[in-house]
Amino acid sequence: KKAIRRNGEPLRNPPNTLPLVGNGIQFLQPRWNLLSWFDRCQRQFGYETLALTVPTLPPGVLIHDPQNLDYVFKHEGLFTKGNFVKTRSWDLFGNGIINADGDFWKLQRKAGLSFLNTANLRVLTDVALPQYLSESVKELQSTKPNQVVDLQDIFHEITTKLMGKMAYNMEMHFSSPFSSSFDHASGCTAQRFQNPLYPLTELFFGRKFRKSVSIVKKFGLEIVSRAMEDQKAFQDEDGSKTTSFSSSSSASDKLDQISGSLIQSLLSAIPDSPSTVADAALTYLSAGRDTTGQALTWTFYLLLSHPEVLSKIRSEVDSVLSQQQQPLSSEDLPPRPGCCPSHLPSSPQSQCPTPSQSFTKPYDSTPQSPLKSAKPKQNSVLVWCLWAMQRSKLTWGKDADEFNPGRFLDSETGRLAHKSAAEFPVFYGGARTCLGRRMAEGIAVQVIPAVAYLFDFERGWGKGERRSGSSLTLPMGGGCLFL
Ligand code: HEM
């Protein structure tokens with residue numbers, strides 16, 4: 001294929017590019033190896049834009065420079081999700097927001113914005129999360145000494161209940177058959193981005209994938225039909241459901257009043273296609289539940305490997321509690337009003353995200369996309385790897401490989417330092433920036449101090465690093481086991 005050029009010169013190839021198969025072998029490797037290879041590329045070539053070639057796929061452009069990413073975020077119209085992304089994730093997400101462009105994307109984004117408004121987020125942080133967090137805390141407290149606990153499951157259970165109740169007015173649990181089918185389907189969908197021969201592979205080995213997708217789709221339609229019943233019951237009553245609370249509304253009233261607000265907004269925005277509403281609902285469920293549960297999991301993994309940071313969090317909790325003169329111990333649970341770990345004011349250390357969320361981001365681009373250092377052709381695929389970018393010494397300094405949450409704090413004020421979306425693209429950027437960032441952060445600043453303060457953990461998996469499992473998000477393969 002004709003090379004992609006910059007100033008008349010072809011873009012260089014990354015290490016290990018072979019004459020015929022290009023980078024095909026790297027893409028066929030397990031995800032962890034592919035992430036490490038992207039990391040090697042940025043370590044060797046810095047911010048240089050590189051050409052990726054994988055047989056049968058459109059030409060790829062690999063960027064690491066935040067200025068290039070900034071250009072992409074600011075010129076969303078030039079970079080569409082395109083067929084490369086859509087064909088691969090269609091079976092699972094159909095027309096869901098992650099796959100949608102144009103008016104269809106706008107409709108779903110608007111529905112999401114109205115769900116994630118400030119009043120609803122307050123109900124999340126003041127009512128729903130304290131309730132679900134304290135249920136999980138009790139579950140953890142009821143474990144026997146030395147019993148192995150998978151924190152990833154615990155965190156997923158909290159986020160599943162939250163999304164289930166608030167977005168869909170349904171009681172959902174992480175242990176339901178839907179969850180395991182979704183995980184399997186998500187893993188196979190992620191594989192499609194790496195394996196150019198996936199149609200052939202799935203022809204022979206895709207039975208479980210097809211079955212998982214059908215369970216997931218059935219569950220999506222169940223969410224919609226439950227929501228339609230709710231809508232009907234509500235119209236039959238007096239149609240007066242409102243999200244403005246009177247001062248006398250009890251906590252559970254407040255939660256009930258907003259429950260199901262996302263699915264109801266989606267139903268109103270797309271009234272005549274239940275299957276599309278189901279796609280949208282499933283996409284939101286994955287966006288809200290898996291990402292946050294997994295970010296918490298990796299955070300605890302890092303905290304347990306860095307006890308000095310863990311003890312800073314505990315001291316912050318101590319100092320906040322001593323100011324409030326409300327000692328916190330496990331006896332304080334079940335929570336009393338005003339004395340619940342999940343009511344703790346946010347702690348700066350807990351607010352520091354970890355630069356380790358990642359996945360590759362392929363986009364089709366149009367001919368007019370003059371990235372700072374290269375001009376990708378139409379239908380080329382633009383790739384950036386957060387895993388690699390968040391380890392760049394050019395962006396994060398010499399200690400980029402260290403776990404140092406303090407780097408996210410302003411050294412003078414002690415408050416969160418500003419990082420641009422292009423430098424810290426964990427929540428994406430520009431017009432398509434993550435809608436749930438405030439929700440995720442609201443969850444993190446309650447869950448991290450509460451769990452860190454109330455429990456002592458020891459690794460439950462012997463030696464070695466934990467690695468990412470195959471998925472569209474970043475689960476910890478094998479779970480995050482603690483004693
Ligand atoms: C730590 C937690 C989270 C991380 C790291 C994260 C990250 C991201 C990223 C990278 C994207 C861009 C995906 C793409 O375009 O392919 C995204 C989009 C999105 N996220 Fe999040 N997210 C998190 C939590 C949440 C939560 C709690 C919600 C709430 C429902 C949410 C809702 C969304 C939605 C709706 C989009 C699509 C936005 C659009 O295309 O306009 N996210 N998120």
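At what angle do helix H14 and H18 pack, and how far apart are their axes? Hold that thought for the second view.

**View 1. The whole chain, to get your bearings.** What you're looking at is a predicted model, where local features need pLDDT of at least 70, side-chain atom pairs count only at pLDDT 80 or more, and totals for chains, interfaces and linings use all residues. Residues are numbered from 1 along each chain as its sequence is written. Of the 483 residues, 44% are buried. Here a residue is buried if 20 or more other C-beta atoms lie within 10 Å of its own, exposed if 12 or fewer, and partly exposed in between, with C-beta atoms placed from the backbone. Among contacts between residues at least 6 apart in sequence, 75% join residues at least 24 apart. A contact here means that two C-beta atoms, placed from the backbone, lie within 7 Å.

**View 2. H14 against H18.** Here's the reply to the opening question: helix H14 (residues 307-324) and H18 pack at about 100°, and their axes are 9 Å apart. That makes H14 roughly perpendicular to H18. Axes are lines fitted to C-alpha atoms, for helices over the stretch in contact, and angles run from 0 to 180 degrees between N-to-C directions. Angles under 35 degrees count as roughly parallel, over 145 as roughly antiparallel, 65 to 115 as roughly perpendicular and the rest as oblique. On the H14 side look for Leu310, Ile313, Arg314 and Val317, which meet Ile448, Pro449, Ala452 and Tyr453 in H18. By class, this contact has seven nonpolar, no polar and one charged residues. For these classes, Ala, Val, Leu, Ile, Met, Phe, Trp, Tyr, Cys and Pro count as nonpolar, Asp, Glu, Lys and Arg as charged, and the others, Gly among them, as polar.

**View 3. The shell around the ligand.** Count 20 residues around the ligand, the closest being Gly288, Thr291, Cys434, Gly436 and Ala440. Sorted by class, the shell has 12 nonpolar, six polar and two charged residues.

View 4. An unreviewed UniProt entry puts a "binding site" feature at Cys434; UniProt positions follow the numbering used here, feature names are shortened, and annotations may be inferred rather than shown by experiment. Cys434 sits in the loop between helix H17 (393-396) and helix H18 (437-454). Cys434 is partly exposed because 17 other C-beta atoms lie within 10 Å. Leaving aside neighbours within four places in sequence, Cys434 is in contact with Phe427 and Tyr428. Tyr428 belongs to the loop between H17 and H18, and has a positive phi of about 65° although it is not a glycine. Most residues other than glycine have a negative phi. Tyr428 is partly exposed too, with 16 other C-beta atoms within 10 Å.

**View 5. Met476 and its contacts.** Met476 lies in the loop between H18 and strand S9 (481-482). With 19 C-beta neighbours inside 10 Å, Met476 counts as partly exposed. Not counting residues up to four places away in sequence, Met476 touches Gln152, Gln294, Thr297, Trp298, Tyr301, Arg466, Ser468 and Gly469. Met476 and Ala295 are 181 residues apart in sequence, yet 9.5 Å apart in space, C-alpha to C-alpha.

**View 6. Leu140 in helix H6.** Find Leu140 in helix H6 (residues 118-141). Leu140 has 18 C-beta neighbours inside 10 Å, so it counts as partly exposed. Beyond residues up to four places away in sequence, Leu140 touches Val149, Ile154 and Phe455.

Notes:
Helices (H or I, at least four residues) and strands (E, at least two) are DSSP runs, numbered from the N terminus. A residue is near a molecule or strand if its C-beta atom, placed from the backbone, lies within 6 Å of it.
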